[in-house]
Structure formats: structure tokens, C-alpha cells
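Work through the exercises below with the model open beside you. Try each task before you read its solution.

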Amino acid sequence: MTEHLNELEIEKYIEKGRNALSSTKALHLEGCEKCRKLIEEQLQVHSLLKKLQPQKVAKNLFQQMQNKLSIMPQKVKKDWTFVIALILLLFIGVSILVTKQTPESAIKQKQNIELPDLLQENIQKVNWEEILKQTYSWFNMYLLKFLLENKNLVLIFFSLFVIMFYHLVDKRYAKYLFK
Amino acid sequence: MNEQNLIIRLKNGDLSALEALMKLHQNYVFTVALRMVKKKEPAEEITQDVFIKVYKKINSYKERSKFTTWLFTIVYRTCLNYLDKKQIVYSESSLKSCLNESKVDRSLSGLQQKKSYSPRDEYFGQIENISSLEFDLQEILWKAIDQLSYQQGVIITLYYIQQFSVSEISEIMQTPSNTIKTQLHRGRNNLKEVLLKKYTLEELI
């Protein structure tokens, strides 16, 4: 006589039926009253348990939970408007810069490029201190000129800064500001 | 409303979707929590906590498994945390001895001796009077299930109420499938022993 059915084999029988057993075990089952009784009892409890219904919870559970949620800090949702605004502003900024470059200014630029060669030839004769002073004053002058000539661009970068600052404040402190 | 749509809406922060999901699952969540903590108030508290966690962590649900599998993993872990916090310790040794016992009486006495506090104590008094209660099959079955170890109780609840497969229960409880099958088998056996004290199985069926 073969061994009795073990727990896993009985479980297999209950889940999938007689066909789930190997032929030796199926043969054993036919001749073993003990195993048949075990399976029968398991099947009885199984069919009883199939009648189980979930227990019911208090109806106002969601309302109670909402109160809990309102005490908790609100979720800060991912806001893509910032990224879109950034890309848009950069695009506008670059577009303005590109359209401002007239053919004349392009020629001027070309002439300026030749300047380092001249400097190279006379490099020994140059008064560096004087050049630095000159450069500094040129820089200031050109910066001022640039700012005055490109008011729109300045405005755009200022807006960009404001948006970034707002985003930073909103992300960190929104939960305190907008309770 | 389709559960999938509700999940999408919840991912967008829609609280009404959470309410709808709660309506669908709260009784099941509560039933499983009750099997583990054995008391109504903490089980309700856990049910709320579970749905708060669902609301907060819904974006981490990646739809690789069923939503209910993900949900009941949260339920199981929340209950375990609760039991840990309350120091309702079912020590490894007491559990093993409980699981190895074939007689439910012996396993129950083992648990009673080794636990510092048992929330099931309040049920022991009631179970004695079960015959004096109205013949309510549901009540009888639930009270009998509450006499099993919480693992067996949870496995039976997930298998028969939520109709999870053995592999899904194994995923939820992070336990090998064969252990789940064995526990299911022993759980039914223990349940039979509890029920046979007062009734015949034919009478209940």
C-alpha cells in the first residue's frame, strides 16, 4: 500500500479535483478510507467557508477619514506649468536675440574678430593696466547699453526669476500658506 | 464605475474616487484587519489608515499586480505594525508550536500561555455561549475563525472572502506558496475541530 496523501496533495485535490492527483495517489485514495474521510471533511469545511460574507464596517468611515485627511498636509501636485513657462521664455529670449542680429551687426562682429591678431602683433607694447580699465568701462557701458536696448529680454529674465522664486516658495511653504 | 478609472482619478488627487474605492473594498479590508487585531475599534482605525496610505501612495502602484493584491499587502503590513506597536507578540516559537499542533485546543492553550496579552480573550467568553446565540452561520463561522492563529485566520479570509489565489496570498504575506497551502489545510482542520465541539458539519451546511 502506498503512503497516505499529504497536506499539499489534499489541498491540490480540493483546489483542482481528483485529476490533480498522480495515478498512484488516485489509486491509493480509492482503497484508503482514512484519506477519503480526510478529504471529505476538508471539502465540507471548504463548502461551508464558501458561504462566508465580509463583516460590515461603520458607514461614516469615509467621513471620519476625511477629517483625518484635512489635518494632514495637502499633497503638492506635480506642476508642469513651470517647466513649460521656462521653455517658452527661453525660446522667446533666443528668438529675440536671433532676430536682433542684422547684417550690419554681423559685419561689425566679423571686423571685431580680427582684433586679437592686431593685439598679438603689439602685445609687448600694451599697457595692461590701461586695457583693464578700458575693458571695465567698456563692459559697464556695453552692459548698460545692452540692458537699455534689450528691455524685453531683461523683462523676460526678470519674469523667469520671479517664476522660479514663486515655484520655490510654493513648493516649500505652500502647505503653511494655503492651509 | 470601473476600478481602473477610479485609480486613474485617484492618481490625479480626486478624493471622490477614494470614496468610491472605499465603498468597494472597506468591508473586505475591515474583515481582514479584524482577523488580525481581533477588536472592532482598532480594525476600523486600521481600515481608515489603510485608505489614507492608499491615497498617499497611489502613485507608487504600478499596475503590475492586481490593485487588490497591492491593497491587501498594505492591510497586512499595517496590521503587523499595529500588533508590533501594541506589543501583541506572537513569538516565532509560539507560532511554530501553534502551527505544528494538529489539535486546536492544544495550540490555543500554547498561545494563551506564551502571549503577554491576547485581544482574543474577549472572544473566549463569548464562544462558550455560542449555542445560546441565534443560529447565525456567519457569526458562528467568524467566531470560530477567530479562534485560529491570526495567520490561518487571515489566509482563510483572503482565500474565501477576497477569493485570492494561493500565489496572491503568498505575495501579500511574503510567505512561500506551500506554506500558505499547508496553513490553509491546517486552518480548515482546526476550524472543523472548533465547530465540531458544538455542531455537526452537516447541521451547518
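**Exercise 1. Find the residues that K53(B) touches, leaving out those up to four places away in sequence.**

Step 1. Apply the contact rule: the C-beta atoms of two residues, placed from the backbone, lie within 7 Å. K53(B) then touches I74(B) and T78(B).

Step 2. K53(B) lies in helix α3 of chain B. Helices are DSSP runs of H or I with at least four residues, strands are runs of E with at least two, and both are numbered from the N terminus.

Step 3. Check the separation from T78(B). K53(B) and T78(B) are 25 residues apart in sequence, and their C-alpha atoms are 9.4 Å apart.

Step 4. Classify the exposure. A residue is buried with 20 or more other C-beta atoms within 10 Å of its own, exposed with 12 or fewer, and partly exposed in between; C-beta atoms are placed from the backbone. K53(B) has 15 C-beta neighbours inside 10 Å, so K53(B) counts as partly exposed.

A note on the model: it is predicted, so local features need pLDDT of at least 70 and side-chain atom pairs count only at pLDDT 80 or more, while totals for chains, interfaces and linings use all residues. Residues are numbered from 1 along each chain as its sequence is written, and chains are lettered from A and ligands numbered from 1 in the order in which they are written.

**Exercise 2. State how many helices and strands chain B has.**

Step 1. Count the elements. Chain B has 12 helices and zero strands.

Step 2. Of the 205 residues in chain B, 39% are buried.

**Exercise 3. Describe how α10(B) and α11(B) pack.**

Step 1. Helix α10 (residues 166–173) of chain B packs against α11(B) at about 110 degrees, with the axes 8 Å apart. Axes are lines fitted to C-alpha atoms, for helices over the stretch in contact, and angles run from 0 to 180 degrees between N-to-C directions.

Step 2. Name the arrangement. The angle makes α10(B) roughly perpendicular to α11(B) (65 to 115 degrees).

Step 3. List the partners. V166(B), S167(B), I169(B) and S170(B) of α10(B) meet S177(B), I180(B) and K181(B) of α11(B).

**Exercise 4. Which residues are in contact with V32(B), leaving aside neighbours within four places in sequence?**

Step 1. Read off the partners. V32(B) is in contact with F72(B), V75(B), V154(B), T157(B) and L158(B).

Methods
Parallel < 35°, antiparallel > 145°, perpendicular 65-115°, else oblique.
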